[in-house]
Amino acid sequence: MTLTGEEKIGMRCFRFQELPSTNDTARSLFHDGVLRHGDVVLCQYQTKGRGQEQANWESEPGQNVLLSCLLEPAFLEAEQQIYLNMAICLSVADTLRENAIACTIKWPNDILAGQGKVCGILIENGLIQDRIRYSVVGIGLNVNQKSFAASGATSLTMIGGRSFETGMIFDSLMNHLNLRWNQMKAGEWSTLRTDYDASLYGFGTTRQWKQGRRHFSGIMKGVDDSGRLVLDSDGQILRFHNKEVQWITD
Ligand code: BTN
C-alpha cells in the first residue's frame, strides 16, 4: 500500500495489487477511521468486484481503472443525491472526451462509448437521518481490456484503437471529479443538470418503454430534481425512479 499527498479528491491514494472489492475496502477503512473525504482506494484486480444488482464486475488484472472514492457531501440533502450521481457520471464523461472518446450517459449511471458500456458506477451511501454521512463511489472504467465475457461491454482501447496509460486516465478522472465536485459544492445545479441532460443517451428521442407489462412509447425529456427519468408519452408527463421502467429498444 502506498500513501501519497492530501487535500483534494485523489490526493491520498491507497493502492493495492488485489482486493475483493475497492468499495468494500473503502467502506471498512472509513469505519476504521483510516479514510477521510477525498481518499481513493485503487487496485489492479478485484476478486469480488461488484456491479449493480449483485452482479459481478469483470476486469482483467492491470488493464483497467478500478477505484472507490470516499466522499463526504455534507452539504447535500439525501433527496439531492441525484446531483452526486450526475457529477460522477459527468466527470467520467469529461475524462473520456478529453481523451477523444465520444460517450453518452445511459440513465442513471452507465457510461456508453459507441453502443457499449465502457464504465460502471456503483455509489453506496451511508445516511444519517436526511443527510449523506459518506458516499463510497466505485468506478470501473474499462481501459485496455480487449475482450469481455459480458456482452455489451467495451473499453477505451476497443473504441480508440490504441492503448491508453491507465495512470493518465486516472489523473484525468481525478481532475474532472474535482471540477464537478466543486460545481456541486457551489450549488451549480442547473449546470450539472444541463450538462447531464446533454450527455444523456436517447435525450429528446422517442423510445419504446416497458413498465411492468405495459409497453408504451415516450420521448425522453431528461431527469428531474429527484433523479427520476422524465418521459413524455402522448403529451402526458411520466416520471420514473430507477428500475421502475425499462428500455425495450435502443
Ligand atoms: C455497474 O454494475 O455498472 C457498476 C459497476 C461498478 C464497478 C466498480 S469497480 C470499482 C468498484 N468496486 C466494486 O466492487 N465495484 C465498483
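Let's start with Ala100, which is exposed, with a relative accessible area of 71%. Its phi is near 60°, a positive value in a residue other than glycine. Keep in mind that this is a predicted model.

**Loop residues with a positive phi**

- Where does Ala100 sit? You'll find Ala100 in the loop between α2 (81-98) and β4.
- Gln54 also isn't a glycine, yet it has a positive phi of about 65°.
- Look for Gln54 in the loop that links β2 (40-46) and β3 (65-71).
- Is Gln54 buried or exposed? Exposed means over 50% relative accessible area, so Gln54, at 77%, counts as exposed.

**The cis peptide bond**

- Going from Trp107 to Pro108, the peptide bond is cis, and its omega is near 0°.
- Pro108 belongs to the loop between β4 (104-106) and β5 (110-113).

**The sheet as a whole**

- Strands in a sheet pair up through backbone hydrogen bonds, and they can do that in a parallel or an antiparallel way.

- Strands β5 and β6 (residues 116-128) run antiparallel and are joined by 4 bridges.
- If you want to trace the pairing, Asp110 has Gly120 in β6 as its bridge partner.
- Further along, Leu112 stands opposite Lys117 in β6.
- The two strands form a hairpin with 2 residues between them, and Gly114 in the turn has a positive phi of about 65°.

- How many bridges join β6 to β7? There are 10, and these strands run antiparallel.

**Two helices packed together**

- To describe two packed helices, you give the angle between their axes and the distance between the axes.
- For helix α4 (residues 166-185) and helix α5 (residues 189-199), the angle is about 130° and the axes are 8 Å apart.
- Angles over 145 degrees would count as roughly antiparallel and 65 to 115 as roughly perpendicular, and α4 and α5 are therefore oblique to each other.
- Which residues make the contact? On the α4 side they are Arg180, Gln183 and Met184, while α5 brings in Trp189, Thr191, Leu192 and Asp195.
- Sorted by class, the contact of α4 with α5 has 3 nonpolar, 2 polar and 2 charged residues.

Technical notes
Residues are numbered from 1 along each chain as its sequence is written. This is a predicted model: local features need pLDDT of at least 70, side-chain atom pairs count only at pLDDT 80 or more; totals for chains, interfaces and linings use all residues. Side-chain values use heavy atoms; hydrogens and water are left out. Buried means under 20% relative accessible area, exposed over 50%, partly exposed in between (1.4 Å probe, protein chains only). Axes are lines fitted to C-alpha atoms, for helices over the stretch in contact, and angles run from 0 to 180 degrees between N-to-C directions. Angles under 35 degrees count as roughly parallel, over 145 as roughly antiparallel, 65 to 115 as roughly perpendicular and the rest as oblique. Contact means heavy atoms within 4.5 Å. Ala, Val, Leu, Ile, Met, Phe, Trp, Tyr, Cys and Pro count as nonpolar, Asp, Glu, Lys and Arg as charged, and the others, Gly among them, as polar. Two strands pair if DSSP finds at least two bridges between them.
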